[in-house]
Amino acid sequence: MVRDVKMLSALIRRRYREGASLAVVARELGVSKSTVRRHVPAQERRDASAAARQRHRSRAQTPYEQVLRAQVVRLYRSGMPQQRVAATLGISVEAVVARLEPSQRRSKQEAARLAVEQQGDLLPKEEIVARYVQGATMAELGKLYGVHPTTIRRRIPDDLIRSRGPAPGPRPRSRRVLVEVEVRRRYAAGESAYVLAREFGVSVHTVRARIPAADWRGRPVEEASAPPSRSAQPGSGGVRMVLAFSDEEILARYRAGQSATAIGRAAGVDCRTILRRIPEHERRSHLQAQRLNRPAPDVDADTIRALRARGLTWEAIAAETGLSAKTLRARA
């Protein structure tokens, strides 16, 4: 009995060292897995990952596995995608991938190209050509057959391809008709040439050409195309544009807190024209203008938090302070 136990233990250890798993050794010797595990020293037992690799190698040596692997490789090399190989053999896609070597697998670009070719082979070429000759476009045929228009193009002979025709010309811009009488009337009423040019979609020079020289508020005609001289600069005695507001009124509005953009909008001129009427030492910096034009500067984060602590909603605070709820959240 002792001799039989020693022989069994030696046989178990030998088969296990050869690579057989605990289950295989137990099945071959007709004993349980616990008996096999008891006779294998702890330092010789394989961990889970090593055991899984060994099972895979052992399974690969079986006749069934060798036949299955050969079938997978043969079908895959014939051009079948992995899904069709799996459906043909009755296995999963993961099982197909596991039985293909990395060098045997197709790249994504190659697989996509092969799928398009196989799909194109199933298209009725004669029907596509007939529909195209009758007037259908490649885009319409592509939608009809569920493929790209380029796939349709490859099925149509070159001598049947229709030309696209002349390229459409540029779309005319929608602009108002420039009526000289209306331009002169509105200009005499005080509107600037800049505002009229922007409204009619033309340049300031086009508007200037419709205004008589006697009614023009800017520089004379002979000086309009010449480079500005020193005498034409503000403050040097040159001819200046007549604005709806005087320089004193512009400066008073600017000192009262209005921005150059707001004054220019009221006068119908550009903000740079307004800034030229304001002395350099009185012009506000960017930060000063930002603080001045900021609505409700006294409503700071502490005030908003105090109102929120009283239980007021954002909409109620917005109605009380005159700010939007979005501005209040940004300040808080």
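S34 counts as partly exposed because its relative accessibility is 47%, where partly exposed lies between buried (under 20% relative accessible area) and exposed (over 50%), with a 1.4 Å probe and protein chains only. S34 sits in helix α3 (residues 33–39); helices here are DSSP runs of H or I with at least four residues, strands are runs of E with at least two, and both are numbered from the N terminus. The C-alpha atoms of S34 and A23 are 9.6 Å apart, the two residues being eleven positions from each other along the chain.

The model is predicted, with pLDDT of at least 70 required for local features and 80 or more for side-chain atom pairs, while totals for chains, interfaces and linings use all residues. Residues are numbered from 1 along each chain as its sequence is written, and side-chain values use heavy atoms, with hydrogens and water left out.

**Overall content**

The protein has 22 helices and zero strands. Of its 332 residues, 27% count as buried. Among contacts (heavy atoms within 4.5 Å) between residues at least 6 apart in sequence, 49% join residues at least 24 apart.

**Salt bridges**

Side chains of opposite charge can pair when their charged atoms come close. With a salt bridge taken as a side-chain nitrogen of Lys or Arg within 4 Å of a carboxyl oxygen of Asp or Glu, the count is 13. The table lists some of them.

| Pair | N to O distance |
|---|---|
| E28 and R15 | 2.8 Å |
| R186 and E182 | 3.4 Å |
| R272 and D270 | 2.7 Å |

The salt bridge between E28 and R15 links distant parts of the chain, as E28 is in helix α2 (residues 22–29) and R15 in helix α1 (residues 2–17), 13 residues apart. E28 is partly exposed, at 46% relative accessibility, whereas R15 is buried, at 18%.

R186 is buried, with a relative accessible area of 11%. Both residues take part in a network of salt bridges that also includes E191 and E199.

**Helix packing**

Axes are lines fitted to C-alpha atoms, for helices over the stretch in contact, and angles between N-to-C directions run from 0 to 180 degrees. Helix α9 (residues 125–133) and helix α10 (residues 138–145) pack at about 140 degrees with their axes 10 Å apart. They are therefore oblique to each other, the class left over once angles under 35 degrees (roughly parallel), over 145 (roughly antiparallel) and 65 to 115 (roughly perpendicular) are set aside. The crossing of α9 and α10 is right-handed, that is, the near helix is turned clockwise from the far one by less than a right angle, anticlockwise being left-handed. E127, I128, R131 and Y132 of α9 make the contact with M138, L141, L144 and Y145 of α10. These residues comprise six nonpolar, no polar and two charged; Ala, Val, Leu, Ile, Met, Phe, Trp, Tyr, Cys and Pro count as nonpolar, Asp, Glu, Lys and Arg as charged, and the others, Gly among them, as polar.

For helix α20 (residues 301–309) and helix α21 (residues 314–321), the axes come within 10 Å and cross at roughly 130 degrees. This pair is therefore also oblique, and its crossing is right-handed. I304, L307 and R308 in α20 meet W314, I317 and E320 in α21, a contact of four nonpolar, no polar and two charged residues.
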